[in-house]
Amino acid sequence: MEEECVSVDHSGKEMECLSIIPGWYSDVSDLFPVPGEIMSIKIEKILFKGRSKYQDIMIFQSLTFGKVIVLDGIIQHTERDVCSYVEMIVHLPLASIPNPKKVLIVGGGMGFTLREVLRYPSVEKVDLVEIDDMVVNVSRKYFPDIAKGYEDPRATLYVEDGNAFVKNTAPGTYDAIIVDSSDPIGPSRFFFEKPFFEAVSKALRPGGVYSTQGESAWVFLDIIQKLVEDCNIFFKGSVNYGWTNVPSFLSGAIGFVICSTEGPLVDFKNPVNKVDVDIISTKSESPLKYYNSEVHTAAFALPTFAQKVLCPKK
């Protein structure tokens, strides 16, 4: 019996598969302006398909990547390689400051990012703001070991607009703000604009740190360049671009824009929490799979083509 072929464009609408192999999920999207490229993952079973007030959501069991989460037709995470994304977006900023206590996560309703933040024994309070409660509920059902971070007494979930939440936050509230959003189009576009960067910088304490999904230099170098330029307006400590490997993402890589506010110096390339991260990696019931101090430092070593654009003074 022929398996169902699932192929979607960026709007989330199913498309005619043409030559796409039946039984494979194919990331066919107008988001990626790279001719001739497609990312496909073999489907074993579709576990969930639904539409919330904000987006289409699908979870399927794959042959080699474990469970796969798809939002509006774009692969977000897979069990196999989610570690390289969430461990880096969290530990690049948090391992760079001593004793982070108050952390805000915008997006990341699946709970992967929350789990990483909660590894730090110094963390006293984590606020997570997710606009789509269906994302949270689906994750609790299909990823219970990860989503159990919501039960931690240090964590508070707010189901509301993250853009408005940050803008209404009192100045100097957080040691770190992590934005785990989808791409800079549609409802997430506000997280990549100057008014939001300004609000984030005000919500952080002096020497506070900010980390956001920053796209792949292989595909969106022009977008990254603007992100870095805009962040430099509001973050007077430093603005950096780091990257990691994610096999299930088109181009196989994703980057992060990592910033600090004016105040105590933050040296992102030389993490101060080396010992703490070693402890949480070895003693946690879910050990780190990707991040270590060497990978941390290497994340900021950019290929020449990216360095020329993002670090022209070097």
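**Close-up views of the predicted model**

**View 1. Serine 251 sits in the loop between strand 12 (238-245) and strand 13 (253-260).** Strands are DSSP runs of E with at least two residues, helices runs of H or I with at least four, both numbered from the N terminus. The model is predicted: local features need pLDDT of at least 70 and side-chain atom pairs 80 or more, while totals for chains, interfaces and linings use all residues. Residues are numbered from 1 along each chain as its sequence is written, and side-chain values use heavy atoms, without hydrogens or water. Serine 251 is not a glycine, yet its phi is positive, at about 90 degrees. Most residues other than glycine have a negative phi. Serine 251 has a relative accessible area of 29%, so it counts as partly exposed (buried is under 20%, exposed over 50%, partly exposed in between, with a 1.4 Å probe and protein chains only).

**View 2. Aspartate 72 also has a positive phi, of about 50 degrees.** Aspartate 72 is not a glycine either. Its place is the loop between strand 5 (67-71) and strand 6 (74-78).

**View 3. Valine 219 lies in the loop between strand 11 (204-215) and helix 7 (221-234).** Valine 219 is buried, at 16% relative accessible area. Alanine 253 is 34 residues away in sequence. In space, the C-alpha atoms of valine 219 and alanine 253 are 9.5 Å apart.

**View 4. Helix 1 covers residues 82-94.** The helix has 13 residues, so at 1.5 Å a residue it should span 18 Å (1.5 Å times one less than the number of residues). Its end C-alpha atoms are 18 Å apart, which agrees. Helix 1 bends by about 30 degrees at methionine 88 (the angle between axes fitted to the seven residues ending there and the seven starting there). All 13 of its 13 residues are buried, so the rest of the structure largely encloses helix 1.

**View 5. Phenylalanine 48 and tyrosine 142 form one of 10 aromatic pairs in the structure.** Paired rings of Phe, Tyr or Trp (its six-membered ring) have centres within 6.5 Å; planes under 30 degrees apart are stacked, over 60 edge-to-face, the rest tilted. Here the centres are 6.4 Å apart and the planes stand at 55 degrees, so the pair is tilted. Phenylalanine 48 belongs to strand 3 (residues 40-51) and tyrosine 142 to helix 3 (residues 133-142), 94 residues apart. Phenylalanine 48 is partly exposed, at 21% relative accessibility. Tyrosine 142 is buried, at 13%.

**View 6. Tyrosine 85 and phenylalanine 249 make an edge-to-face pair.** Their ring centres are 6.3 Å apart and their planes are at 65 degrees. Tyrosine 85 lies in helix 1 and phenylalanine 249 in the loop between strand 12 and strand 13, so the pair ties together parts 164 residues apart in sequence. Both residues, tyrosine 85 and phenylalanine 249, are buried. Tyr85, Phe249 and Phe256 form one aromatic cluster.

**View 7. Aspartate 180 carries the "active site" annotation in its unreviewed UniProt entry.** Such annotations may be inferred rather than shown by experiment. Aspartate 180 lies in strand 10 (residues 174-180). Aspartate 180 is buried, at 10% relative accessibility. Leaving aside neighbours within four places in sequence, aspartate 180 is in contact (heavy atoms within 4.5 Å) with His77, Tyr85, Ile89, Val106, Gly107, Gly108 and Thr113.
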